[in-house]
Amino acid sequence: MSNHEEKSDLQEDKPLVPRTAVSLQRMKLEKLMKNPDKPVVIPERQRDKKLPHVPDFVRNVMGSSAGAGSGEFHVYRHLRRKEYARQKIIHEKGEKALLDDEYQRKLETNQKLSEQKTAKKRAKRLKMKEKLKKKKQSGLGNSNGTKQDSDKDDSDSSVNSTSEDESQRDVQNIKSCEK
């Protein structure tokens, strides 16, 4: 064997230790891709905590007598822990339900607000389109051979030219907004 082959054999014997998260992920992928026909088992996430069964009533009711033995303290402590755990689980369920309700309400309000904004913008777009159509129709009517009153003085014609300039600017603004 050559020197190079001995080194590669030694490297195969040593287990590779991932130094970073990227190298760990690379190693896992390489292991999976060695045999692509092998099915991969992906465990499902646990949905809810499994609640321990706590009886509704305790059969070993302890009295407050002074003659309790030393073993009764441990029974009491165990029952107390179970009750505290049960109350904690009930409390967590209640908090989760409140948070879920609050989240759903927030989603609904956000959706209503977005629908209102969309409706307002839609109305504005339609209004601008109608104005544009009216301006085009009025502009076509004047250029199709209908004469304007020539009796108007020059100040009226300057007002008309400025209004035409404004309408052209409006049309350009609308076109740029539509793009």
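A helix here is a DSSP run of H or I that holds at least four residues, and helices are numbered from the N terminus. I keep that at hand for every entry below.

**Entry 1: the model and its elements**

I am working with a predicted model. I counted the elements and found four helices and zero strands in the protein. I then read their order from the N terminus, which is α-α-α-α.

**Entry 2: a pair in helix H3**

I looked for salt bridges and got a count of one. Which residue does Arg86 pair with? Its partner is Glu83, and their closest N and O atoms are 2.8 Å apart. That is inside the cut-off of 4 Å, so the pair counts as a salt bridge. Side chains of opposite charge can pair when their charged atoms come close.

I checked where the two residues sit. Both Arg86 and Glu83 are in helix H3, three residues apart, which is about one turn of the helix. I also looked up their cover. Arg86 has a relative accessible area of 31%, so I note it as partly exposed. Glu83 comes to 27% and is partly exposed too.

I searched for patches of charge next. One positive surface patch is formed by Lys117, Lys120, Lys121, Arg122, Lys124, Arg125, Lys129 and Lys133. I picked out Lys129 and found it in helix H3. Is Lys129 exposed, partly exposed or buried? Its relative accessible area is 46%, so Lys129 is partly exposed.

**Entry 3: a nonpolar patch**

I then turned to nonpolar side chains. Leu29, Leu32, Met33, Val40 and Ile42 make a nonpolar surface patch of about 540 Å². I followed Ile42 to its place. It lies in the loop between helix H2 (21–34) and helix H3 (72–143). Ile42 has a relative accessible area of 70%, over the 50% limit, so it counts as exposed.

**Entry 4: a serine in helix H2**

I went to Ser23, which is in helix H2. Is Ser23 buried or exposed? At 14% relative accessibility, Ser23 is under the 20% limit and therefore counts as buried. What does its side chain reach? I found the backbone oxygen of Thr20 at 2.8 Å from the Ser23 side chain.

**Entry 5: the whole protein**

Last, I looked up the totals. The protein has 179 residues, and 3% of them count as buried. It exposes about 17,800 Å². Carbon and sulfur atoms supply 53% of that area.

Methods:
Residues are numbered from 1 along each chain as its sequence is written. This is a predicted model: local features need pLDDT of at least 70, side-chain atom pairs count only at pLDDT 80 or more; totals for chains, interfaces and linings use all residues. Side-chain values use heavy atoms; hydrogens and water are left out. Patches are made of residues with over 30% relative accessible area and no salt bridge: like charges are joined within 9 Å, nonpolar side chains (Val, Leu, Ile, Met, Phe, Trp, Tyr) within 5 Å. Accessible areas come from the Shrake-Rupley method with a 1.4 Å probe; for residues, only the protein chains shown count as cover. Helices (H or I, at least four residues) and strands (E, at least two) are DSSP runs, numbered from the N terminus. Buried means under 20% relative accessible area, exposed over 50%, partly exposed in between (1.4 Å probe, protein chains only). A polar contact is a pair of N or O atoms within 3.5 Å; within protein, one must be able to donate a hydrogen and the other to accept it, and residues adjacent in sequence count only if both atoms are side-chain atoms. Lys and Arg count as positive and Asp and Glu as negative; His and the chain ends are not counted. The place of a charge is taken as NZ of Lys, CZ of Arg, CG of Asp or CD of Glu.
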